[in-house]
Amino acid sequence: MLKIYNSLTRGKQEFVPIEAGKVRMYVCGMTVYDYCHLGHARVMVVFDVVRRWLRAVGLEVMYVRNITDIDDKIIKRAQENGEPVEALTARFIQAMNEDADALGIERPDAEPRATGHVAGMIDMIKVLQARGLAYQSSNGDVVYSVRKFEAYGKLSGKTLDDLRAGERVEVDNTKQDPLDFVLWKKAKEGEPSWDSPWGKGRPGWHIECSVMSGALLGRHFDIHGGGQDLQFPHHENEIAQSEGANREKFVNFWMHNGFVRVDNEKMSKSLGNFFTVREVRAKYDPEVIRFFIIRAHYRSPISYSDQHLDDAKQALARLYTALKNLTVEVGSVDWSNPFADRFREAMNDDFNTPEAVAVLFDLANEVNRTRSPAEANLLRSLAGTLGLLQRSPTDFLQGRRDVVVQLTGVSATGHVGTVSVMTISEDQIGQLIAARVAARKTRNFSEADRIRKELEAAGIVLEDKPGGTTEWRRS
């Protein structure tokens, strides 16, 4: 029995799909004006795991993750770069997909772009205006009247009287209430725009997701996810729009993942304290980044540091080491196995990946003890539901991956250039190992020790066996 923490009810609930055997899930995706940072990676990895586990328990999943390709930040960045909006967004969509692919994130079933659903947004705004929930302000924008929607605040737990115009709500004297939010923005000179009943303009941010989710999943669907920072006001506003227009429940389960923190602050582009995915994967194997994210519970904050990534790398190496020199295949899981049963129990408890990962380590210890191919197969199969341990152990342990990550295009934070971290090739490693073997044969142990230290300095750990040095791994 799968239980999910529902942000709407503030507690775990048994998950029962609206339609038996099928799940419809929508996750707020990226605003594509820059490279994805680790906060974005966490959203993508978390809901990739959710989708994988829903399938593992026998459910058919329709997963939609949107792309915001029109927005104030996008327009500003395109103007700064002197390039068309379409060129900017196309480049960063490609970069996002490259990062996601590297992290082992399966593509969504649908990935709608905001610019492809403007007509639907206009239609929903017209309905909201007809029902007295929206009005055109004196500056030409169309605005949602928050106080007209009685259920406003039910997701965030905020009351209208407690809310203040401040850090989250821009004070605008053209609004009837400072809490009201924009549905349609009047066009400014030189900005992209569309024709509408209210004149040329473009959609506000919040309306995008209400329309795209409804178009692809229906007015009422199972799961809506995103980062914790979206719970208010974005998701609160989505509820107000969708339920105000459709007069029916919008979403059954709301899921929000915790922040990635740096020095106890949320990682974000606005704070300038972020690390892009491609910067980090220039230093670390992408599977290490994925493992770093997965071994924390999705609702908990995680702290980014090289030390934490190094620890994740060593831990993942332990799992891969258990699979070395065994013929391993991925097959169906025997859920009656005690390890599998514990793993399933953990995942069915609100996707408790820390406990599920602990089961993997217990099973790895058993594989090390027994060297049983059947238990190794189980280890790899269970890890596969998390998107882990699907490579050759040798490939992972010897660091065989793409090691040069291109950072192209102008970023406001200066994240530009080419990063390469691999300083020694496999051929060079082989030559040094051969030279060390030769030195040992002639009893030139000082030279052999010098070569070992040279390899250690380059991050190469040799594994001496009675027959000589036959294996190595990157530390």
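Reply: Let's start with how helices are compared: an axis is a line fitted to C-alpha atoms, for helices over the stretch in contact, and angles run from 0 to 180 degrees between N-to-C directions. The helices themselves (H or I, at least four residues) and the strands (E, at least two) are DSSP runs, numbered from the N terminus.

A word on where this comes from. This is a predicted model, in which local features need pLDDT of at least 70 and side-chain atom pairs count only at pLDDT 80 or more, while totals for chains, interfaces and linings use all residues. Residues are numbered from 1 along each chain as its sequence is written, and side-chain values use heavy atoms, with hydrogens and water left out.

Now to the part itself. Find helix α10 (residues 338-347) and helix α11 (residues 353-370): their axes come within 8 Å and cross at roughly 165°. The pair is therefore roughly antiparallel. On this scale, angles under 35 degrees count as roughly parallel, over 145 as roughly antiparallel, 65 to 115 as roughly perpendicular, and the rest as oblique. The crossing of α10 and α11 is left-handed, a label used if the near helix is turned anticlockwise from the far one by less than a right angle (clockwise would be right-handed).

Who touches whom? Contact here means heavy atoms within 4.5 Å. From α10 come F339, R342, F343, A346 and M347, and they meet T353, E355, A356, V359, L360, D362, L363 and E366 of α11.

In the loop between these two helices sits D350. D350 isn't a glycine, yet its phi is positive, at about 55°. D350 is also buried, with a relative accessible area of 0%; buried means under 20%, exposed over 50%, and partly exposed in between (1.4 Å probe, protein chains only).

Follow the chain onward and you reach helix α12 (residues 373-384), which packs with α11 at an angle of about 160°, the axes being 9 Å apart. So α11 and α12 are roughly antiparallel too. Their crossing is left-handed. On the α11 side, L360, L363, A364, E366, V367 and T370 take part; on the α12 side, look for E375, A376, L378, L379, L382 and A383.

L389 is another residue other than glycine with a positive phi, near 60°. Its relative accessible area is 0%, so L389 counts as buried.

Next, step back to the loop between α9 (306-322) and α10, where you'll find V333. V333 is buried at 19% relative accessible area. Setting aside neighbours within four places in sequence, V333 is in contact with A340, L378, S381 and L382. The C-alpha atoms of V333 and R380 are separated by 10.0 Å, although these residues are 47 apart along the chain.

Helix α2 (residues 72-81) and helix α3 (residues 85-102) pack at about 105°, with axes 9 Å apart. That makes α2 roughly perpendicular to α3. The contact is made by I74, I75, R77, A78 and N81 of α2, with V85, L88, T89 and R91 of α3.

Helix α8 (residues 286-294) is worth a glance as well, as nine of its nine residues are buried. Among them are P286, F291 and I294. At its start, a side-chain oxygen of D285 reaches to within 2.8 Å of the backbone nitrogen of E287.

Helix α6 (residues 231-246) holds N246, which is buried at 18% relative accessible area.

Finally, the whole protein. It has 15 helices and 17 strands. Of its 475 residues, 54% count as buried. Looking at contacts with a separation of 6 or more, 72% are between residues 24 or more positions apart.

How values were computed. Polar contact = N/O pair within 3.5 Å; in protein donor to acceptor, adjacent residues only side chain to side chain.
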